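The sequence and structure are shown below.

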Amino acid sequence: MSALAKASGALKSVDYEVFGRVQGVCFRMYTEEEARKLGVVGWVKNTHQGTVTGQVQGPEDKVNAM
């Protein structure tokens, strides 16, 4: 991250969708726990297509870590 982004407190928002075997392995619970640890916010849910979709928002470095 650039010095300007750090100084300005740049925030980032990412929409995502995870494909593959993600349901039945506590993926949502793990995602929520990691987000809490990093201090980011958002949502995550299972879809009818068998994927998991979500959004994460927060400081750019923490969203990138997520």
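The term pLDDT denotes the predictor's confidence in each residue, on a scale from 0 to 100. The chain averages a pLDDT of 84, and 83% of the residues score at least 70. Among the elements of the chain, strand β3 (residues 52-59) has the highest mean pLDDT, 94, whereas helix α1 (residues 3-8) has the lowest, 52. Where pLDDT is low, the predicted coordinates should not be read in detail. The model is predicted, and therefore local features require pLDDT of at least 70 and side-chain atom pairs count only at pLDDT 80 or more, while totals for chains, interfaces and linings use all residues. Residues are numbered from 1 along each chain as its sequence is written, and side-chain values use heavy atoms, with hydrogens and water left out.

**Helix α2**

Helices (DSSP runs of H or I, at least four residues) and strands (runs of E, at least two) are numbered from the N terminus. Helix α2 comprises 12 residues, 27-38. Its expected span, taken as 1.5 Å times one less than the number of residues, is 16 Å, which agrees with the 16 Å between its end C-alpha atoms.

Accessibility is classed by relative accessible area: buried is under 20%, exposed is over 50%, and partly exposed lies in between (1.4 Å probe, protein chains only). The buried residues of α2 are T31, E34 and A35. They cover an arc of only 100° around the axis, and so they lie on the same side of α2; the arc is that of the directions from the helix axis to the C-beta atoms. These buried residues pack against β1 (11-18), where contact means heavy atoms within 4.5 Å. On the other side of α2, M29, R36 and K37 are exposed. Just after the helix, G39 adopts a positive phi of about 80°.

**Salt bridges**

A salt bridge is a side-chain nitrogen of Lys or Arg within 4 Å of a carboxyl oxygen of Asp or Glu. The structure holds two salt bridges, as listed here.

| Salt bridge | Closest N and O atoms |
|---|---|
| K37 with E33 | 3.5 Å |
| K37 with E34 | 3.3 Å |

K37 and E33 are four residues apart in helix α2, so about one helical turn separates them. K37 and E34 are three residues apart in helix α2 and are likewise separated by about one helical turn.

**Annotated positions**

Which residues does UniProt list for "active site"? The unreviewed entry lists R28 and N46. Although spread over 19 residues of sequence, they cluster in space, with a largest C-alpha distance of 8.0 Å. UniProt positions are given in the numbering used here, feature names are shortened, and annotations may be inferred rather than shown by experiment.

R28 is found in helix α2, and N46 is in strand β2 (residues 41-46). R28 counts as partly exposed because its relative accessibility is 37%; N46 counts as partly exposed because its relative accessibility is 33%. Not counting residues up to four places away in sequence, R28 touches V44, K45, N46 and V52.
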